[in-house]
Structure formats: C-alpha cells, structure tokens
Amino acid sequence: MRVIAHGGAGGRPDEPDSRQATLDEATRRGVDADTPLDAVEAALGVLESSPRFNAGVGGAVQSDGVVRTDAGVMTSDREVGAACSMPGVEHAASVARVVHSETPHIFVSGEHAVDLADEFGVETGVDLLTDEKRERYEDEDPPGGGPREHLDWLATRFGSGDDQAGERSADSGEGDDGKRDAPDHDTVGAVATDGETFAAATSTGGRSFALAGRVGDVPQVGSGFFCTEAGGASATGAGEDIARVTLSRRAVGYLDDGVGAQAAAERAIDEFEAITGSGAGVIVLGTEGAGSAFNTDGMQTSIAYK
Ligand SMILES: NC(=O)C[C@H](N)C(=O)O
C-alpha cells in the first residue's frame, strides 16, 4: 500500500513538527489497511481526531457558532460517496464511505447524513468546537437574526480568518505576492493505492465564519476529490474557487492523459491560480508515484508505503 496525505494549504503553521508527526501517523495507519478505501478512511480518521487540523474536532465555525463537517471519497471504479453539513460528526470521511458503500447515491446532506452516520455506527453528537475556536467566535460579536444579518456579519470576516487558505483580498493580511500568509489549521485529504486500484478522500470543517449551511468544494466530486483508474487527487484551499475550476478533476485528467503525478499537480495549480488568482493545494497519486503542489505559503504532506 502507498498513501499520501495532506494537512491543508494555507499559511505557515505555528507547530509544523507536531502537525507533521500527526500526518506521518495518519499515513502509517493507512499503509496497514487492507484496501485503498480502508487506507484513506484510516488516515483521515487520525487527522479528524486531531484539533490541529480543520476537520472533525477543530473544524471551522460557521456564522451560527456551529461546526459542520463535510467529506467525499471516490474509488478508481468511479464509485463516489459524499456527506456534508453534519453537526457533531467527527469522522465525516466514514460517513462518506457509508454513502459510497451502503447506498445507491453519491451525496447525502445535513440531518439525514447525521441519521445515516448514526444508523451505520459512525459516532454522532460529538462536541467539535475547541475552546480556542469558541473563544474566537465569541470575540467576533456573533450575529442573531436571519441569513441577511449573518451575511452582513460575515462580509468583513469570511476569508480573513487565520485558518483560511489563500484568498486574495484587500484587508486579509496577504503577503507581497498577494496570497494569504496567515497561520492555519486546515482541511485534510489522502490518496492511496495497493498497486492495482486507487481511493481518494478529503474531509473538512469548511471555512471559518461562512454562512450557516455553507458547503464548499470538499464533498463535491471533481472539486475536493477525484479518482479514476489512472490515480486520485485531493484538494485544499479556498473552496469556492476550487469548485469553480474542479481542481481535483483537472489534476486527475492529466494522469488520464499519461502525465506524471508531480507534473499533474503543478499544472492543475498553475491553471487554478491563472483562472481564480486564489490559493489552493493538491496531492496526486498515480501509477508511477506521488506528487503535490500549492501556491499558498505552506502545505504539509506525508507519504508512506510498504
Ligand atoms: N481550508 C480548506 O481547505 C477549506 C475547504 N477547501 C473548504 O472550502 O471548505
């Protein structure tokens, strides 16, 4: 088994060594699995349980103070499972796997996704809000009222938090190159192969201070994740922009055309930046090996095989 994982694209993290140790633990856990699908679920399970990453525990808070998780998985037979907008679900990737393996559908949302998790033994009702995230939200004078009031509130906050990946904006602390340079704790993803088949998965809490109910790229097939017989990809970064260019599909399309994994990742990120001017990263695993690329200040990755 060969597994590559990422811990999100964004600024330089405060504690890169401990984040790297958790990423390495995740890929180690993945290579011990029986199938690529087991491997990506196992790897993401480790990362979803770490408050250092924006997935599961430690996920980003939406405008109503709730953390809602999203995830997607895909295997090289083009079976897909995704689940989104799940309060209290730490292991979103496991719910996506339930959708992939136990339902005739590709995407289940909200309260029904939480019910599905419950029914298939994925824990629900977990407190995903860390003290740090709760304090940060409370410091921001949370909005009451309906969506319009929430939209007014988030207009000056969404895209400017310290766990956001590279969006260009006038007041967001961007670096000289126009991309955000703030520290972050980010979305997680993994791609695995047993030498014959592939699986790709991505899991997130989304982006801080987004409108309650917002869903980004992560559970959208082709955007946050994609997989074919040629290999798989997992993306991270400004989800609205990733979805606009279907970043993971773009990277895997190069694998389908016979391009190597590193070149596929670089070409996809170059195109993403040219089209959106925004920030993202992608990991790619193909038949010939692994690659990764990002245009933000940092994206930690780990590779393991045996
Ligand atoms: N930081 C991230 O990668 C966030 C994720 N792509 C989202 O937009 O939901």
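**Ligand shell and helix packing**

Around the ligand sit 15 residues, and T187, G206, G216, T236 and G239 come nearest; a residue is near a molecule if its C-beta atom, placed from the backbone, lies within 6 Å of it. Two elements, β8 (231-237) and α7 (239-245), each give two or more residues to this shell. Helices (H or I, at least four residues) and strands (E, at least two) are DSSP runs, numbered from the N terminus. By class, the shell around the ligand holds three nonpolar, nine polar and three charged residues. Here Ala, Val, Leu, Ile, Met, Phe, Trp, Tyr, Cys and Pro count as nonpolar, Asp, Glu, Lys and Arg as charged, and the others, Gly among them, as polar.

All of this comes from a predicted model, in which local features need pLDDT of at least 70, side-chain atom pairs count only at pLDDT 80 or more, and totals for chains, interfaces and linings use all residues. Residues are numbered from 1 along each chain as its sequence is written. The mean pLDDT (the predictor's confidence in each residue, from 0 to 100) of the protein chain is 92, and 92% of its residues reach 70 or more. The model scores ipTM 0.97 and pTM 0.93. Over residues 162-184, though, pLDDT stays under 50.

Turning to the helices, α1 (residues 16-31) and α2 (residues 36-48) have axes that come within 7 Å and cross at roughly 155°. Axes are lines fitted to C-alpha atoms, for helices over the stretch in contact, and angles run from 0 to 180 degrees between N-to-C directions. The pair is therefore roughly antiparallel (angles over 145 degrees count as such). On the α1 side, T22, E25, A26, T27, R29, G30 and V31 make the contact, and on the α2 side A39, V40, A42, A43, V46 and L47 do; two residues are in contact if their C-beta atoms, placed from the backbone, lie within 7 Å. Eight of these residues are nonpolar, three polar and two charged.

Helix α2 also packs against α3 (residues 92-102), at an angle of about 155° with the axes 8 Å apart.

Terms used: Angles under 35 degrees count as roughly parallel, over 145 as roughly antiparallel, 65 to 115 as roughly perpendicular and the rest as oblique.
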